[in-house]
Amino acid sequence: MNALVNMAAEVPENPLVPPIPELVIGLIAFFIVFGFLAKKLLPNINKVLEERRTLIEGRMEEAEATQAEAQQVLADYRAQLADARHEAARLRQEAQEQGATLIAEMRAEGQRQREEIIAAGHAQIEADRKQAAQALRQDVGKLAVDLAGKLVGESLEDHARQSRTIDRFLDDVEAKAASDATKAEAGR
């Protein structure tokens, strides 16, 4: 054993470098395990990674498609909103025009009704004036007949003659008033 100790003492051993037979056996075992992993596990790992990559890419494509669809929906919404605003403006303009037309029609109708009321008022005034003139004529005639009867001293009861006399007298008065009015206007 001494010889072994002497040999061991002669070659200093490096603790970092393993002995050659262990290194060869370790390398062979490593390549066997690596080959086994490459043949059996690596295809499964690659398959799972490929499925995940495909799934992620699919989801990204779906997200892009969804985003494009959302952009299209947003553009459609904005277009519809713009159309609705234009339609509202058009309806507002039509309502204003209809309101102005309605106001003009109501004014015209009010003017027409006012003219009718004024014409009816004038007709009523003329009828009342004629009725008052007729009543006044009768009252003046009666008073004139009574006064003439008292002056003459006898009754003037003949109705037809009374009416003719009164009418003639009042016509003369009206004619004189009319001629005085035309002379006054001519003098101006």
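## Annotated span

UniProt positions are given in the numbering used here, and annotations may be inferred rather than shown by experiment. With that in mind, the unreviewed UniProt entry places a "transmembrane region" at residues 20–38. In this predicted model, the span is 100% helix and 0% strand. Its end C-alpha atoms lie 26 Å apart.

## Overall fold and confidence

The chain has three helices and zero strands. Read from the N terminus, the elements run α-α-α. Helix α2 covers residues 20–152. Helix α1 covers residues 2–10.

The average pLDDT is 83, and 86% of the residues score at least 70. Helix α1 has the lowest confidence, with a mean of 57. Helix α2 has the highest, at 89.

## Burial and surface

How much of the chain is buried? Buried residues make up 4% of the 188 residues. The accessible surface of the chain comes to about 16,900 Å². Carbon and sulfur atoms account for 62% of that surface.

One nonpolar surface patch covers about 620 Å². Its members are Val33, Phe36, Leu37, Leu41, Leu42, Ile45 and Leu49. Of these, Phe36 lies in helix α2.

## Aromatic cluster

A pair of aromatic rings is described by the distance of the centres and the angle of the planes. Two aromatic pairs are counted here. The rings of Phe30 and Phe31 have their centres 5.6 Å apart and their planes at 65°. Planes over 60 degrees apart count as edge-to-face, so the Phe30 and Phe31 pair is edge-to-face. Phe30 also pairs with Phe34. That pair is stacked, at 6.1 Å centre to centre and 20° between the planes.

Phe30 and Phe34 both lie in helix α2. They are four residues apart, about one turn of the helix.

## Exposure of the ring partners

Are Phe31 and Phe34 buried or exposed? Exposed means over 50% relative accessible area. Phe31 has 54% relative accessibility, so Phe31 counts as exposed. Phe34 has 52% relative accessibility, so Phe34 counts as exposed too.

Note on methods: Residues are numbered from 1 along each chain as its sequence is written. This is a predicted model: local features need pLDDT of at least 70, side-chain atom pairs count only at pLDDT 80 or more; totals for chains, interfaces and linings use all residues. Side-chain values use heavy atoms; hydrogens and water are left out. Helices (H or I, at least four residues) and strands (E, at least two) are DSSP runs, numbered from the N terminus. Patches are made of residues with over 30% relative accessible area and no salt bridge: like charges are joined within 9 Å, nonpolar side chains (Val, Leu, Ile, Met, Phe, Trp, Tyr) within 5 Å. Accessible areas come from the Shrake-Rupley method with a 1.4 Å probe; for residues, only the protein chains shown count as cover. A salt bridge is a side-chain nitrogen of Lys or Arg within 4 Å of a carboxyl oxygen of Asp or Glu. Rings of Phe, Tyr and Trp (its six-membered ring) pair if their centres lie within 6.5 Å; planes under 30 degrees apart count as stacked, over 60 as edge-to-face and the rest as tilted. Buried means under 20% relative accessible area, exposed over 50%, partly exposed in between (1.4 Å probe, protein chains only). pLDDT is the predictor's confidence in each residue, from 0 to 100.
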